[in-house]
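Please read them with the structure open beside you.

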Amino acid sequence: MRPGRWLWLAAAVALFLPQACGDTDSDPGSARCEAPNPVLGDVQVLSDHSEIAVRFTCVGARLSGTAYLPSGSGAHPAVVWVSGDGPHKRLAFGSLVAAFVGAGVAFLSYDKRGVGESEGVCCPGDYGHFNLLAADAVGAVNAMRKMPGIDPHSVGLLGASQAGWIVPLAAARSRSVAFTALADAPAVSQGEELLYSLLTGEEGGGGGVLSKQAISYRLKRTGPSGFDPRPSLAQMSVPGIWAYGGADKSIPFDECAEIIRSLKATGKDLVQVVRPGIVVPLLCGVFFGPVVGFLVGFLGSTGSDLPTFGFYWNWSLGNGLVGLVAGSTPFLITGIRARFRSQWPTIGAALVTGTLAIVLGAGLAALTDILIANLTPDTAISAEWIPLASWNLVWGLPLLVIVLSIWALARRRVAG
């Protein structure tokens with residue numbers, strides 16, 4: 001295979017890699033549960049409500065739950081409870097369930113897949129896989145719609161925490177879901193939520209020293225990683241409620257609220273924001289050498305961040321290092337040009353130095369946060385260095401190839 005072909009293949013793989021995450025053999029993206037074949041137990045009539053055991057089958061597993069019904073006749077609206085992370089059994093008739101049932105809303109809660117009386121393997125969501133859990137939630141909705149005394153057009157999903165990644169996926173994939181309601185649930189990606197929790201000190205044993213603005217800056221620079229609910233949120237067409245606490249140390253309220261506001265303002269026409277700016281110091285280093293590359297990276301990062309987030313010297317220095325390392329490309333190209341007339345070896349050299357530049361620049365920014373943000377080394381590496389480097393590699397390298405290819409083509413045309 002000629003060099004040009006494998007370089008474009010590498011660029012294509014890099015571009016499509018994020019879309020493949022979250023779809024595995026054990027958690028297929030095709031998982032659906034529109035026909036759960038519910039089996040209902042006997043009705044237990046109590047003083048203020050009724051209870052019915054419910055069994056339904058989704059993607060090879062029989063799930064078990066309990067439906068709590070309001071007293072009186074009529075077609076009642078209903079909610080299906082979607083649990084958070086970890087192994088959860090169905091909710092008992094407590095204050096939460098009673099509040100809905102007392103208001104005339106039926107309530108279904110089921111043992112999570114692989115927990116209690118439900119079959120299957122527990123907790124794929126704890127490992128970033130939500131296809132089966134979303135299918136189970138849709139199956140529960142469809143089971144509830146088949147029950148007597150339920151309005152089949154008014155059954156929605158209710159949940160908290162990890163349900164923020166499950167519910168939008170379920171609602172986007174099935175027309176059976178009439179509405180959604182979420183509390184303390186992330187509208188950002190898994191990586192963003194984890195980094196926020198680590199920086200606030202909620203998790204990880206460190207953090208807790210940065211301002212809200214400084215944390216928002218790091219979330220923006222690191223970008224989404226892991227499962228991201230934004231595409232599902234953009235596809236939702238049913239009403240939804242998100243409830244947050246403004247001082248939450250686990251969920252980044254400002255970032256989540258901005259996503260929800262954008263959805264509302266644009267009629268769900270929300271796309272994931274791409275940060276291609278990393279290609280600027282890469283290109284300046286490749287074209288003009290290490291000094292120009294460093295200055296463009298450092299000053300460019302400082303100038304763009306200062307009006308909104310402030311000055312964070314270590315992250316600006318990391319961006320400068322990207323341009324500095326990329327600036328070694330001209331020295332490599334000097335020897336390559338003597339042997340090859342094609343532009344592809346030159347682009348290959350730029351990819352090598354660009355990869356090294358991104359990894360080292362992200363590492364400098366992340367590892368210095370061990371001191372500045374009071375992070376542990378493990379946290380700095382897993383929550384900042386790896387996501388930041390991956391994000392910039394995925395978007396920066398393909399753009400670098402494209403721009404250098406166009407530049408080479410333009411030079412040939414001018415010379416011809």
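The points below cover the sheet, the disulfides and the helix packing.

1. **Ground rules.** This is a predicted model, in which local features need pLDDT of at least 70, side-chain atom pairs count only at pLDDT 80 or more, and totals for chains, interfaces and linings use all residues. Residues are numbered from 1 along each chain as its sequence is written, and side-chain values use heavy atoms, with hydrogens and water left out. Helices (H or I, at least four residues) and strands (E, at least two) are DSSP runs, numbered from the N terminus.

2. **The sheet as a whole.** Eight strands make an open sheet with mixed pairing. The order is β1-β2-β3-β5-β4-β6-β7-β8. Two strands count as paired if DSSP finds at least two bridges between them. β1 and β8 are the edge strands; each has a single partner, so one side of each lacks a neighbour in the sheet. From one strand to the next the twist averages 20°. Strands of a sheet pair through backbone hydrogen bonds, either parallel or antiparallel.

3. β1 pairs with β2 in the antiparallel sense, over five bridges. Gln-44 sits opposite Glu-51 of β2. Ala-61 is buried (under 20% relative accessible area; exposed is over 50%, partly exposed in between, with a 1.4 Å probe and protein chains only), at a value of 1%. Its C-alpha is 5.4 Å from that of Gly-120, although Ala-61 and Gly-120 are 59 residues apart in sequence.

4. Leu-158 has Ala-181 in β7 as its bridge partner. β7 also pairs with β8 (residues 240-243), again parallel and over four bridges. In that pairing, Leu-182 faces Trp-242 of β8.

5. **The β-α-β unit.** β6, helix α4 (residues 163-173) and β7 form a right-handed unit. Right-handed here means that, with the strands pointing away from the viewer, the path from the first strand over the helix to the second runs clockwise.

6. **Disulfides: how many, and between which cysteines?** There are two, counting pairs of cysteine sulfur atoms within 2.5 Å. With bonded cysteines counted along the chain, the pattern is 1-2, 3-4. A disulfide is a covalent bond between the sulfur atoms of two cysteines.

7. **Cys-33 to Cys-58.** The S to S distance is 2.0 Å. The torsion about the S-S bond is about -80°, so this disulfide is left-handed. Cys-33 lies in the loop between α1 (3-20) and β1 (39-45), and Cys-58 is in β2 (residues 49-58), so the bond ties together parts 25 residues apart in sequence. Both cysteines are buried.

8. **Cys-122 to Cys-123.** The sulfur atoms of Cys-122 and Cys-123 are 1.9 Å apart. Cys-122 is partly exposed because its relative accessibility is 23%. Cys-123 is buried, at 7%.

9. **Two further cysteines.** Which side of the burial cut-off do Cys-256 and Cys-284 fall on? Cys-256 is buried, with a relative accessible area of 0%. Cys-284 is buried too, at 16%.

10. **Helix α5.** α5 covers residues 190-200. Of its 11 residues, 10 are buried, so the rest of the structure largely encloses this helix. Among the buried residues are Glu-192, Glu-193, Tyr-196 and Leu-199.

11. **α6 and its two partners.** Axes are lines fitted to C-alpha atoms, for helices over the stretch in contact, and angles run from 0 to 180 degrees between N-to-C directions. α5 and α6 (residues 212-222) pack at about 150°, with axes 10 Å apart. They are therefore roughly antiparallel. The axes of α6 and α11 (residues 313-326) come within 11 Å and cross at roughly 20°. α6 and α11 are therefore roughly parallel. Angles under 35 degrees count as roughly parallel, over 145 as roughly antiparallel, 65 to 115 as roughly perpendicular and the rest as oblique.
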